[in-house]
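Student: I would like to go through this model one point at a time. Please give the cut-offs as we go.

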Amino acid sequence: MTILTVDTAAVDNQQLAIYFASADRRIVSGFRLALDVLGIPTPEFATRKPAGRPSVAKLMADAEADTGNVGAYRAEKTKFIPRSAQRSVSPAGAWTLPRP
């Protein structure tokens, strides 16, 4: 058996990343399989995403990081005061809503 040296720099190519961004998933999985069989590390653009849906907290953290308003969602959320918290007790002891 002849041993060949493989230049892995050709795998980390920007043109390959652009191609695999729009390629069919079967092509990308075949590419990952070929790299795995040859023992070549998989480049970042060909790695799989985690299975399942991301949590709401992760989505909100990503959205806040994108907008630059860190904590904006939490600040908006704490502004909301439910009606149950707006109730006051009348002198007679019955529950009433405050008048506008």
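Student: How many helices and strands are there in the protein chain?

Tutor: The model is predicted, so local features need pLDDT of at least 70 and side-chain atom pairs count only at pLDDT 80 or more, while totals for chains, interfaces and linings use all residues. Residues are numbered from 1 along each chain as its sequence is written, and side-chain values use heavy atoms, with hydrogens and water left out. Helices (H or I, at least four residues) and strands (E, at least two) are DSSP runs, numbered from the N terminus. Along the sequence the pattern is α-α-α-α-α-β-β, and the protein chain has five helices and two strands.

Student: Which element of the protein chain has the lowest mean pLDDT?

Tutor: pLDDT is the predictor's confidence in each residue, from 0 to 100. The protein chain averages 77, and 67% of the residues score at least 70. Where pLDDT is low, the predicted coordinates should not be read in detail. Helix H2 (residues 25-38) has the highest mean, 91, and the lowest, 52, belongs to strand E1 (residues 88-89).

Student: What percentage of the residues of the protein chain count as buried?

Tutor: Buried means under 20% relative accessible area, exposed over 50%, and partly exposed in between (1.4 Å probe, protein chains only). Of the 100 residues in the protein chain, the buried share is 13%.

Student: How many aromatic pairs are there?

Tutor: Rings of Phe, Tyr and Trp (its six-membered ring) pair if their centres lie within 6.5 Å; planes under 30 degrees apart count as stacked, over 60 as edge-to-face and the rest as tilted. By this rule the count is four.

Student: Why is the pair of phenylalanine 20 and phenylalanine 45 stacked?

Tutor: The ring centres of phenylalanine 20 and phenylalanine 45 are 6.0 Å apart. Phenylalanine 20 is in helix H1 (residues 14-22) and phenylalanine 45 in the loop between H2 and helix H3 (56-67), 25 residues apart. The pair is stacked because the planes are at 20 degrees.

Student: Is phenylalanine 45 buried or partly exposed?

Tutor: Phenylalanine 20, at 11% relative accessibility, is buried. Phenylalanine 45 has 28%, so this residue counts as partly exposed.

Student: What is the angle between the planes of phenylalanine 31 and phenylalanine 45?

Tutor: These two rings form a stacked aromatic pair, 6.4 Å centre to centre. Phenylalanine 31 lies in helix H2 and phenylalanine 45 in the loop between H2 and H3, so the pair ties together parts 14 residues apart in sequence. The angle between the planes is 15 degrees.
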